[in-house]
Amino acid sequence: MEETLRNGRTVRKPKKHKKMTWSLIKDQRQLIYMSVPLLAYIVLFAYVPIWGWTMAFQDYKPAKSFSDQKWVGFKHFEFLFKDDSFLQVLRNTLAMSVINLILGFVTAIILALLLNEIRKVFWKRTVQTISYLPHFLSWIIVTGIVATSLASDGIVNDVLLKLHLIKEPIQWLSDGKYFWGIVGASHVWKEVGWNTIIYLAAMASIDPALYEAAEIDGASRYRKMFHVTLPGIKPTIIILLIMSIGHILEAGFEVQYLLGNGLVVDWSQTIDIFVLKYGLAQGNYSLATAAGIFKTVVSVTMLLFANWIAKRLGEERLL
Amino acid sequence: MGGNKKSVLRFSMMLLLSLGLVLSACGGGSNTKDAAKNTTKDANNGQATTEKAGDTVEPFEISVFIGEAGQQPTPDNKIYKMIKDKTGASFKFEFLAGDIDQKLGVMIAGSDYPDMMTANQKLTGAGAFIPLEDLIEEHAPNLKKHYEKYWNMMKDSDGHIYTLPNYGVYNSDPDSTWYSGPAFWIQKDVLAEAGYPQVKTLDEYFDIIAKYKEKHSTIDGTPTIGFEILNYDWRNWGLFNAPQHLIGHPNDGGVVVENGVAQIFADKDYAKRYYQKLNEVNQNGLIDKETFTQNYDQYMAKISSGAVLGMFDQHWNFQSAEDSLTTQQKLERTYVGLPLVYDTSIRDYYKERPALNLDNGFGITVNAKDPEKIIKLLDTLIAEDWQKIFTWGIEGEDYYVNEQGRYMKTQEQRDKFTDGTWKLANKADAFFGRAPKMQGKFSDGNSTDAAAQPEEYQAGLKEYDKNFLAQYGFNSYVDFFSEAPENDIAYPAWSVDLVDGSEAKIVNTKQNELSTKYLPKAILAKSADFDSVWEEYTKEIGKLNIKAYEDRINEVLQWRRDTWTVK
């Protein structure tokens, strides 16, 4: 960062350290005018809504003015943390999120590496297109497909039966121990192609000379993948990882809600579903807001933490 | 240079101005709302000025929100066109897409209401509806007469009437030929093959299903499913509600009302008896393995295939699947509702006298520009000639009158009435379904419901059903049920508003969650484990503050008994 600053200064003739003076402001007023709309946009859509957080400390009733609301302090946070099932819900959210995160990363990088090795452009394009198409389906359709495939006469059981791996159909959706796996697998199926796009783009920017040099040194295909391609996309991986860690409490909602049922509820309920049941469905918007604040605080903390780790490891950082 | 500077300044001023406009527009919501309130007030006060407007036909549009999914009528719909020609009113419908609570939440947050909306306690609670009693008294003599007997019942706890109930106002004993409520349903062929027995108890019911399933392991190539339970999302009664009926109680939702006192039944011994029976028949493979993981679509698909022998459900909930069986000409696969009880000493109480449906119907919102006009329109449309048009259609086109003065239909007309596409162009169901309506008989003695007209029902019966009913000596499938006793004035308990966010509601949600979790577990458990699962279940329920829930219901039931005097 400092380097670029120094560079910037040298280009712009070495002057004395610029202070914020009226003349400077006047000098650059066009720039300031130009930034006003953007600033207003950010204030309006990113900071003004934070005002809504006050709801979490009230017994918020819609259609009443702010001064008529009843203030209740931390009551809703207490309800959240004192509820027996909240810990379990938190566990499920974290578990499914981590599974999605790791599975998502690993599969996307592997697919990108493999795609990168395909020399025939036609096949590469075909595979890529097929793998990212599910991204455009909504979760309601995907869960429909998943539920149908996992039914006792669905394709999954059919294949397993034909291969003689099982003797009778498995009730995939009625057993909690499968649930996280099913959610992870559905995520991979839906998003893997989409997630590879950014890695493929990163790979495209690797200097071909590096591959040639490696080849002259006698590196095999796998060696090149391992020593050239992977290090080449490492900064991208780290940045994406930091960003995803910020979303660690967003395991999603639709999949779990649509695939969940009474038998797997101990594994399927996430924070969002909990909030829907006890917050929104009961008109208790305050509780929903409290949960939102909790999620935001955790997310920001995790993001800063991941960033700090990256800094300690001397890697690219987000902030 | 100078000119340049000025244009930059002008440009930025314009930007600032437009931003300011955007900002002020955002903040303007409350102003417009106030304005709307003022106009409604004006409309209430200044009736004298608009009194005359009723006579001339001047076109006006009413925007309507319907709180359930539906289809837009065709633009040239016959009935709406007639309404427009005669009264000037046209409707702009918005149907629910997605989740009702979410949609209403957004609407309430922005006070963004159309002129008319279907009733919802959330809306009443948020002050979205205007009080109607004075409007009706002054401008709607027909409506006043229509609701006379129910006037007190319609009042909210604050003494105002906010919504006009759509169903449950009867002017005579209803003719009924179609049972829409809960029952243990069984495929007609199962009864036919067993020699048309009178099935009264749960044990007999599962016995004949087991026998049939043994004989026919597949139906049309699909493996036969003995018993199906749907427990998905809000359609959860298939699992929860049966025990109260088995002990001879009507549908009160989550409680049984005995001697005027409501109590939950989920953890009682008679509930255990039912689930133990299910556990037992599950051991014999009668219950569908996927029953607790399926969603509503999968459930409907299974019923439509004709492979499901029985289930506990409400008729309207699976009606479209049954219609599909009729379309496929698989009449022997359609269902008969049976009012089962634990033993024959118990009188079945499935069929009930319809109570006033307070949770549905229209309310006029605070945003309505001219509530007086709307109430006058509703008043016009409750008149008998309009009601005939809504239910039977146009004389000569949709039905005919025979020599005895009875309304009848030709087979062609009958078929049209079950055709969804035809209905969109020729019926005003989107409006009429939620509007105040006459139920029972018209002044000339014809039934208000075409399907309930006895001779019309008989004429429309298929050969198979005629024969089937003849075996039992019944006139219609409703005759399987005992006559409904007079309702307790406070009935039904399921319509009690638990109040969003209250302890009672939270407890109820938690109890439902426990049932959704433990009942499937108990039913699917090995017989030896059943008792331990049940014990855990009742123990978990015991931890909840069930009393808060019961108290709330009893309080409202008491309030109803005190205030709902029917003349």
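Contact is taken here as heavy atoms within 4.5 Å. By that criterion, and leaving aside neighbours within four places in sequence, B:L278 of this predicted model is in contact with B:F206, B:F227, B:I229, B:I287 and B:I523. Local features need pLDDT of at least 70 and side-chain atom pairs count only at pLDDT 80 or more, while totals for chains, interfaces and linings use all residues. Residues are numbered from 1 along each chain as its sequence is written, chains are lettered from A in the order in which they are written, and side-chain values use heavy atoms, with hydrogens and water left out.

B:L278 also belongs to the largest nonpolar core, which has 89 residues. Such a core is a set of buried Ala, Val, Leu, Ile, Met, Phe, Trp, Tyr and Cys residues joined through side-chain atoms within 4.5 Å, where buried means under 20% relative accessible area with a 1.4 Å probe, protein chains only. Along with B:L278, the residues with the most contacts inside this core are B:F184, B:Y205, B:F227, B:Y274 and B:Y275. Helix α24 (residues 503–524) of chain B gives the most to the core, with seven residues; helices are DSSP runs of H or I, at least four residues, numbered from the N terminus. At least three residues come from each of domain 2 (182–352) and domain 3 (493–563) of chain B, the bounds being those of an automatic or database domain assignment.

Turning to these two domains, the C-alpha centres of domain 2 and domain 3 of chain B lie 22 Å apart. Their contact takes 29 residues from domain 2 of chain B and 27 residues from domain 3 of chain B. Between them they bury about 2300 Å², 63% of it on carbon and sulfur atoms; buried area is the accessible area (1.4 Å probe) that two parts lose on being put together, summed over both. On the domain 2 side, B:I264, B:N279 and B:F292 lose the most area, together 22% of what that side buries. The rule finds one salt bridge across this interface, a salt bridge being a side-chain nitrogen of Lys or Arg within 4 Å of a carboxyl oxygen of Asp or Glu.

Between the chains, 35 residues of chain A are in contact with 32 residues of chain B, and the buried area is about 2800 Å², of which carbon and sulfur atoms give 58%. A:L263, A:Y278 and A:Q282 supply 21% of the area that chain A buries. Three salt bridges are found across this interface. A:D83 forms a salt bridge with B:K510, the closest N and O atoms being 2.8 Å apart.

Technical notes. Buried means under 20% relative accessible area, exposed over 50%, partly exposed in between (1.4 Å probe, protein chains only). Helices (H or I, at least four residues) and strands (E, at least two) are DSSP runs, numbered from the N terminus.
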